[in-house]
Amino acid sequence: MNLFQSNQPEFAWWVELNTAVPRCTYYFGPFDSEKEAQLSRSGYVEDLYQEGARDIIALVKQCQPDILTIFQDEAEPILSKTF
């Protein structure tokens with residue numbers, strides 16, 4: 001996973017969602033502020049839950065993800081770039 005984390009202002013705010021079922025990491029953003037990302041977080045969690053995702057962990061962080069959806073298999077991770 002190629003993420004560059006920083007507290008420097010040039011990095012936007014993103015919502016990172018990790019799900020156990022399916023085993024995935026999703027990034028939603030970018031947002032201009034931490035508050036904006038926090039306010040949007042619950043909507044993304046609810047959408048994934050309605051689609052069948054379970055055991056969802058939501059984080060708000062400053063980063064620059066280059067892969068927005070990461071599918072993880074039992075054997076090895078499979079990366080999927082989405083736009």
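Two strands are said to pair if DSSP finds at least two bridges between them. Strands themselves (E, at least two residues) and helices (H or I, at least four) are DSSP runs, numbered from the N terminus. The model is predicted: local features need pLDDT of at least 70, side-chain atom pairs count only at pLDDT 80 or more, and totals for chains, interfaces and linings use all residues. Residues are numbered from 1 along each chain as its sequence is written, and side-chain values use heavy atoms, with hydrogens and water left out.

Strand S1 (residues 13–21) pairs with strand S2 (residues 24–31) in the antiparallel sense, over 6 bridges. A hairpin of 2 residues joins S1 to S2, and asparagine 18 stands opposite threonine 25 in S2. S2 also pairs in the antiparallel sense with strand S4 (residues 69–72), over 3 bridges; here cysteine 24 stands opposite phenylalanine 71 in S4.

Threonine 19 lies in strand S1. This residue is buried (under 20% relative accessible area, with a 1.4 Å probe and protein chains only), its own value being 6%. The side chain of threonine 19 reaches the backbone oxygen of proline 22 at 2.4 Å. Leaving aside neighbours within four places in sequence, threonine 19 is in contact (heavy atoms within 4.5 Å) with residues including Tyr26, Leu48 and Ile56.

Helix H1 comprises 17 residues (34–50). The expected span of a helix is 1.5 Å times one less than its number of residues, so H1 should span 24 Å; its end C-alpha atoms are 25 Å apart, which agrees. H1 is followed by glycine 52, whose phi is positive, near 105°.

Definitions and conventions
Buried < 20%, exposed > 50% of the residue type's maximum accessible area, 1.4 Å probe, protein only. Polar contact = N/O pair within 3.5 Å; in protein donor to acceptor, adjacent residues only side chain to side chain.
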